[in-house]
Amino acid sequence: MKGSSPRGKGQKRFQQLAPQANAKFVEYYKDVLQLNPSEMQTMIDSLLTPLPTTFRISEGCPFTEQLRAELRTFAGATVEVEDMTVHPCELLEWYPGNRAYKLGCDKRLLKKTEALA
């Protein structure tokens, strides 16, 4: 596909082309939202923050209780990776059946770090 980047370089490319480098984007949202420069920078920083990795255990999974037990064990573990602290796995209590979890890192770090595999 034309214009797409090889896997793994997409995040870097996005950050290079991100909102702070796109004057039309910045001007549009400044005008529409009536943001001062500090608020605008906060919004841009928020947009550039990687989303956490989340997953759920399917309702019909025969291993639900075993997975939950393993997640409770992992939930207390904090790991140091690349000079960063990766926070423990968290239960997303708002999800029906308490079957959804959020990991303490983004998917890029999860994929490239053997300690998190």
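Which residues form a nonpolar patch on the surface? I looked this up in a predicted model and found Tyr28, Val32 and Leu33, with about 290 Å² of accessible area together. I placed Tyr28 in helix α2, residues 23–33. Tyr28 is partly exposed, at 47% relative accessibility.

Entry on helix α2. I noted a salt bridge between the side chains of Lys30 and Glu27, at 3.8 Å from N to O. Both residues lie in helix α2, three residues apart, about one turn of the helix. Lys30 is partly exposed at 29% relative accessible area, and Glu27 is partly exposed at 41%.

Entry on helix α4. I located Arg68 in this helix, which spans residues 64–75. Its side chain meets that of Glu65 in a salt bridge of 3.5 Å, N to O, the two being three residues apart. I recorded Arg68 as buried because its relative accessibility of 16% falls under 20%. Glu65, in contrast, is exposed, with 52%. Leaving aside residues up to four places away in sequence, I listed the contacts of Arg68 as Ile57, Gly97, Asn98, Arg99 and Tyr101.

Entry on the strands. I found Glu90 in a salt bridge with Lys102, the closest N and O atoms being 4.0 Å apart. This pair links distant parts of the chain, with Glu90 in strand β3 (residues 84–91) and Lys102 in strand β4 (residues 100–104), 12 residues apart. Glu90 is partly exposed at 40%, as is Lys102 at 26%.

Entry on cysteines. I found zero disulfides. Cys61 is partly exposed at 23% relative accessible area, whereas Cys89 is buried at 6%.

Definitions and conventions: Residues numbered from 1 in each chain as written. Predicted model: local features only at pLDDT ≥ 70, side-chain atom pairs only at ≥ 80, totals over all residues. Heavy atoms only, no water. Disulfide = S-S within 2.5 Å. Buried < 20%, exposed > 50% of the residue type's maximum accessible area, 1.4 Å probe, protein only. Patch = residues over 30% accessible without salt bridge, like charges linked within 9 Å, V, L, I, M, F, W, Y side chains within 5 Å. Areas by Shrake-Rupley, 256 points an atom, 1.4 Å probe, with all protein chains shown as cover. Helix = DSSP H or I, 4+ residues; strand = E, 2+ residues; numbered from the N terminus. Contact = heavy atoms within 4.5 Å.
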